[in-house]
Amino acid sequence: MTPSPASSGPGSSGPGSSAPGSATIGSSAPGASAPGSPVSVADDRSAVTGRRRIAFAVHTDRDGLPGLATLIRSLALSNPGVCEDLVVLHPGLPDSSFDAARRLHPRLVTRRAEDRTAVFRLEGYDTVVALTPAMVVLGSLDELLRMRHGVGAVRQLVCAGEAGERRAVLPDGLLVVQRADVDDALADRLGGATGDDLGPALTGALVPLDARYDFLARRLHDDIPVPGHVAVLRFTGPVGTGAPGYGPAAEARRRFELSDEEFRAAYCALPDRKHPDLLAHCAPPLLAARPSLDLARTVADVHRQQGRYDEAVAVLAPVVGDRLDAPRCHETLGVCLMALSRYDEAEAHLLLATASPDVAPRAFAQLARLAWLCGRDADAHAYAREGLDADPTDGGCHGWYVRTRPRVPEPRRPDDAAADTAEAADPARQLAHVALFAEGQENAGDKVLPEAVRSCFDADTGPRRWYGQPVHRLVDEEALEQLNARRGIVVGGGGLFLPDTSPNGNSHWQWNVPDDLLARVSAPLAVFAVGYNVFDGQLYRRSRFAESLRVLVERSAFFGLRNHGSIDRVRELLPAGLRDRVRYQPCPTTVARHLDPERFASVERSDTVLVNCAYDRAGLRFGHDYGHFLTQLATALRSLRDRADVRYAAHMPADEKFVHDLRREHGIALPVEQLYDMSNDTVRALYGRARLVIGMRGHAGMIPFGCGTPILSLVSHPKLAYFLSDIGRPEWGLSVHDRELGPRLAERASAILDHHAAAVADVHGAQELLWQTTRSNIGELRNTFGPS
């Protein structure tokens with residue numbers, strides 16, 4: 001089975017949470033951030049996407065605390081890419097009792113519980129892996145983390161006296177509990193079970209596990225070596241106290257009886273992929289104790305992954321200096337300085353990084369990006385060319401080389417003298433458009449969106465009426481002058497309230513504008529159909545974002561967000577006096593039929609179902625459930641292929657991973673429609689002709705919906721649930737974590753195909769409120785911007 005993408009943070013859904021597809025946001029995810037943590041939670045309420053919340057749970061008393069520490073060390077060293085909440089259940093120990101354990105794990109949660117049966121009722125989690133202090137973890141637990149049904153346990157062989165031997169589920173054994181399958185009756189039976197066998201109480205819910213997940217050390221008498229396949233070794237009775245004859249088993253445990261510094265060093269030295277939360281927890285104290293250039297880069301890299309660029313710079317800058325023998329460190333430092341908008345320093349370090357032939361292509365690509373951000377297109381082109389000289393196959397350098405290539409005007413015919421050109425345009429009659437303008441093989445949705453925004457204001461979406469300002473480029477004095485020369489400024493749409501796509505230190509969202517220049521914008525400013533695009537469980541510092549947001553709202557004549565979920569989140573970050581200025585403006589792609597009625601007046605449908613998936617930030621989308629998702633989609637698609645031409649709609653090249661994985665793992669081959677190489681009109685035509693679109697990307701739902709095509713959304717990001725809630729159709733969304741995703745998707749898709757005319761009419765009806773809202777807002781903005 002395809003390994004799941006790395007987990008990053010807690011999952012979603014479970015007891016007390018809203019159903020998948022609902023835009024209702026629940027309570028904070030347990031253990032998402034420790035008290036006093038420098039990282040604030042941006043989207044810590046995880047009831048939106050149905051993402052599973054997973055925890056390891058251990059019940060211990062005071063005597064078990066040393067064993068708890070050994071267990072934690074073994075879990076981290078044997079599963080370095082896993083960092084779920086570790087819930088310690090205890091009978092009432094002082095909080096200070098867990099200080100030693102907290103030094104070992106960044107997501108330790110303590111709860112009072114009289115006995116171990118509390119794992120069956122552990123609130124706030126969907127999957128609970130119950131361990132004990134008598135265990136050490138020796139191998140991968142990925143299979144347990146992917147389990148989705150019942151209560152997993154090993155049926156151990158025990159002596160039954162004269163009756164011989166029998167199999168039993170021991171009360172102190174490893175358990176994998178799916179909370180959805182433990183109702184009150186089962187929990188009561190388990191809580192009331194007596195004796196040494198939980199098996200009878202688990203009737204109907206037990207999922208037998210291989211013995212390697214709860215291997216009894218007492219089986220290793222006469223110094224038998226620990227079998228290589230054992231994942232969890234459990235010590236009981238005299239064996240646990242070091243009885244003779246169990247040397248190899250005792251040695252297996254002794255390997256994890258380390259000091260804090262020894263543990264940190266062992267974890268940081270592991271060659272496997274390490275979870276950024278664990279690495280960020282272990283590496284900084286080790287760096288303080290054992291300073292080294294490589295470790296400083298490791299710490300800086302994990303800070304960079306978590307968006308803590310200032311900390312990355314603070315760690316790396318003092319040890320790097322201007323050393324010429326550390327090109328990778330200069331590259332990391334340069335990227336982090338760029339993310340803080342310290343462009344001159346970043347450029348200096350990236351230039352030092354180009355001294356290494358291995359690092360030079362990447363460094364030149366970053367230099368090209370930096371120069372472009374600062375409006376230096378000629379320098380960007382030159383840097384990209386140098387990168388291609390170092391490696392002609394480097395995709396990043398090639399992309400920047402093409403993007404910054406000097407534009408050669410097309411030959412003009414005599415009758416073109418009056419053609420609308422940017423040079424002939426009157427700035428006072430133009431609107432400035434601040435947006436992400438995708439090029440090349442970038443996201444097809446980001447290509448369609450800017451044109452859709454402009455269509456709301458003017459049938460002419462070209463350069464005569466519009467002045468384009470790429471949202472990621474630095475707004476300096478010259479850029480501010482150009483913006484203020486226009487009759488108005490439209491910022492949006494799209495998920496621009498996002499910290500990590502192209503980070504900058506000026507605003508901490510996608511528009512790279514310092515507060516002082518934003519405050520000096522004199523042209524009427526409209527924020528139009530922007531979304532708060534943070535994933536469930538995604539953490540980042542947002543104090544700078546909140547300050548920039550306040551200035552933006554104060555300066556805006558109109559501030560419209562594309563869904564009510566975003567409205568709620570943004571209002572939370574604003575002072576009370578500004579919250580009412582945040583309004584609803586749907587994404588204009590959702591009303592394409594109304595913006596260009598002639599194009600969609602008569603649509604001839606093909607017998608096609610289009611499917612789309614997304615893979616950016618895969619750990620946040622899928623957690624441990626990617627293999628499950630792939631299997632469920634295979635089930636649904638096999639059913640749908642019997643009645644329609646199922647094709648894959650790739651918004652960008654990375655989306656095609658789904659097609660490759662589906663063919664490799666399940667033998668299903670799908671034809672691919674490469675939307676990233678199509679024109680906007682072709683994309684709309686393709687979506688407009690389909691009978692159904694099943695999409696994971698936001699615009700794989702909103703664009704076909706706007707064209708009048710029925711949709712089903714694979715919800716892995718809150719924005720999809722927010723949109724479906726706004727149109728009153730939450731049933732059109734299915735969580736990618738849904739345990740029965742395949743059958744449910746097939747059933748809903750079949751219902752749409754069976755009653756297609758009614759489904760299309762339903763889409764048209766759901767568009768009406770969006771169009772009324774958009775038309776009203778545009779009428780107001782035309783008055784604000786004045787005549788063209």
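**Exercise 1.** In what order do the 3 strands of the open sheet lie?

*Solution.* The model is predicted, with local features requiring pLDDT of at least 70 and side-chain atom pairs pLDDT 80 or more, while totals for chains, interfaces and linings use all residues. Residues are numbered from 1 along each chain as its sequence is written, and side-chain values use heavy atoms, without hydrogens and water.

Strands (E, at least two residues) and helices (H or I, at least four) are DSSP runs numbered from the N terminus; two strands pair if DSSP finds at least two bridges between them. The order is 5-12-11, with mixed pairing. Strand 5 (135-137) and strand 11 (215-216) are the edge strands, each pairing on one side only. Strand 5 runs antiparallel to strand 12 (residues 232-234), joined by 3 bridges; Met-135 has Arg-234 as its bridge partner.

**Exercise 2.** Determine which kinds of residue make up the contact of helix 6 with helix 7.

*Solution.* Contact means heavy atoms within 4.5 Å. From helix 6, the residues in contact include Phe-263 and Tyr-267; from helix 7, they include Leu-279 and Leu-286. The contact comprises 11 nonpolar residues, no polar ones and 2 charged. Here Ala, Val, Leu, Ile, Met, Phe, Trp, Tyr, Cys and Pro count as nonpolar, Asp, Glu, Lys and Arg as charged, and the others, Gly among them, as polar.

**Exercise 3.** Explain why helix 26 is described as largely enclosed.

*Solution.* Buried means under 20% relative accessible area, exposed over 50%, and partly exposed in between (1.4 Å probe, protein chains only). In helix 26 (residues 718-726), 8 of the 9 residues are buried, so the rest of the structure largely encloses this helix. Among the buried residues are Tyr-722 and Asp-726. Gly-728, with a positive phi near 70°, follows helix 26.
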